[in-house]
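Have a go at each one before reading the solution.

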Amino acid sequence: MDLQAKIRTIPTSAGVYLYKNAEGEIIYVGKAKNLRSRVASYFHEGRIADAKTGTLVREAVDVDYIVVANNKEALALENHLIKQKKPRFNILLRDDKTYPYVKLTLGERFPRVYVTRRLRKDGSSYYGPYFPANLAYRIVDLIHRHFLIPSCKVDLNRFHPRPCLQYYIGRCLGPCVEGLTTPEAYQEAVRDVKLFLEGRPTDLSRSLRGRMEKAAQAQE
């Protein structure tokens with residue numbers, strides 16, 4: 001039974017729900033007056049898009065539940081299970097300002113990638129939170145090296161005479177200088193970054209393979 005089908009069988013009683021990942025590890029514990037309604041709410045479009053719960057929903061492959069008599073008992077059981085199991089996402093979501101996110105500034109002509117601890121409704125996509133905190137910085141560094149999307153503060157609404165050091169050391173496509181890249185090529189790289197951050201390796205592999213084939217044909 002897949003997760004969505006299982007959710008439809010959950011009772012509408014008060015209780016505690018436990019999300020599990022593919023390894024069977026409990027990754028989040030929550031309480032609810034109405035278990036079915038609460039668990040199903042995680043899969044509403046708005047919540048999936050939210051950075052704080054999006055990663056949880058993508059990792060969850062199963063859910064268990066424990067029915068109790070009332071919400072007071074649910075609260076007590078939730079606290080007990082969190083202390084006992086120490087689910088990773090309870091720690092992250094309870095103190096999400098402590099842990100960083102990766103921000104992709106999709107509202108810009110040439111989007112950039114940053115590590116941030118603040119979530120804003122600014123048209124950007126946010127991924128995370130990441131724990132341990134240095135994981136976010138390692139991910140952004142990987143994006144610089146393999147996708148060439150920068151984190152610079154340069155004004156990209158106009159062209160500049162020459163690129164910065166990041167272009168010369170192979171960590172940026174150079175959108176700040178006319179002729180070094182094109183908006184189309186840059187957006188292809190941004191789409192690949194999104195696939196990477198969303199954990200879609202099959203789609204990313206297909207995209208990269210297509211770009212390599214296109215580049216090979218252009219050289220013939």
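**Exercise 1. A loop residue and its backbone**

In the loop between which helices is the place of Lys 86? Find out, then look at its phi and its accessibility.

*Solution.* Keep in mind that this is a predicted model.
- Step 1: Lys 86 falls in the loop that connects helix H5 (71–85) to helix H6 (88–94).
- Step 2: Phi of Lys 86 is positive, about 50 degrees, although the residue is not a glycine. For context, most residues other than glycine have a negative phi.
- Step 3: Lys 86 has a relative accessible area of 59%. Exposed means over 50%, so Lys 86 is exposed.

**Exercise 2. Another positive phi**

Which loop holds Leu 148, and what is its phi near?

*Solution.* 
- Step 1: Leu 148 sits in the loop between H7 and helix H8 (165–168).
- Step 2: Its phi is near 65 degrees, again a positive value in a residue other than glycine.
- Step 3: Leu 148 comes out at 22% relative accessibility, so it counts as partly exposed.

**Exercise 3. The chain as a whole**

How many helices and strands are there in the chain, and how is the chain split into domains?

*Solution.* 
- Step 1: Going through the chain gives 10 helices and 6 strands.
- Step 2: The domain assignment has domain 1 at 3–93 and domain 2 at 101–219. The C-alpha centres of these two domains are 33 Å apart.
- Step 3: Along the principal axes, the C-alpha atoms of the chain fill a box of roughly 70 × 35 × 25 Å.
- Step 4: The chain has 220 residues, of which 41% count as buried. If you take contacts between residues at least 6 apart in sequence, 56% join residues at least 24 apart.

**Exercise 4. A sheet and the helices on it**

What is the strand order in the open sheet of 3 strands, and which strands stand at the edges?

*Solution.* 
- Step 1: The order reads E5-E4-E6, and the pairing is antiparallel.
- Step 2: E5 (113–116) and E6 (125–127) each have a single partner strand, so they stand at the edges and one side of each is left without a neighbour in the sheet.
- Step 3: From one strand to the next, the twist averages 30 degrees.
- Step 4: Now zoom in on one pairing. Strand E4 (residues 101–104) pairs with E6 in the antiparallel sense over 3 bridges. Val 102 has Tyr 127 in E6 as its bridge partner.
- Step 5: Helix H9 (residues 183–197) lies across E4 and E6 and runs at about 155 degrees to E4.

**Exercise 5. Sorting aromatic pairs**

How many aromatic pairs are there? Classify the pair of Phe 110 and Tyr 186, then the pair of Phe 147 and Phe 196.

*Solution.* 
- Step 1: With ring centres required to lie within 6.5 Å, the count is 8 aromatic pairs.
- Step 2: For Phe 110 and Tyr 186, the ring centres are 5.0 Å apart and the planes stand at 80 degrees, so this pair is edge-to-face.
- Step 3: Phe 110 is in the loop between E4 and E5 while Tyr 186 is in helix H9, so the pair ties together parts 76 residues apart in sequence. Both Phe 110 and Tyr 186 are buried.
- Step 4: For Phe 147 and Phe 196, the centres are 5.7 Å apart and the planes are at 35 degrees, so the pair is tilted.
- Step 5: Phe 147 belongs to helix H7 and Phe 196 to helix H9, so this pair ties together parts 49 residues apart in sequence. Phe 147 counts as buried at 10% relative accessibility, whereas Phe 196, at 28%, counts as partly exposed.
- Step 6: Ring pairs also link Tyr 17, Tyr 19, Tyr 28 and Tyr 42 into a cluster.

**Exercise 6. An aspartate in a helix**

Is Asp 192 buried or exposed, and what does it touch?

*Solution.* 
- Step 1: Asp 192 is located in helix H9.
- Step 2: Its relative accessibility is 0%, so Asp 192 counts as buried.
- Step 3: Leaving out residues up to four places away in sequence, Asp 192 touches Phe 147, Leu 204, Ser 207, Leu 208 and Arg 211.
- Step 4: The side chains of Asp 192 and Ser 207 are joined by a polar contact of 2.5 Å.

Definitions and conventions: Residues numbered from 1 in each chain as written. Heavy atoms only, no water. Domains from an automatic or database assignment. Pairing = 2+ DSSP bridges. Helix = DSSP H or I, 4+ residues; strand = E, 2+ residues; numbered from the N terminus. Axes fitted to C-alpha atoms, helices over the stretch in contact; angles between N-to-C directions. Contact = heavy atoms within 4.5 Å. Phe/Tyr/Trp six-rings, centres within 6.5 Å; stacked < 30°, edge-to-face > 60°. Buried < 20%, exposed > 50% of the residue type's maximum accessible area, 1.4 Å probe, protein only. Polar contact = N/O pair within 3.5 Å; in protein donor to acceptor, adjacent residues only side chain to side chain.
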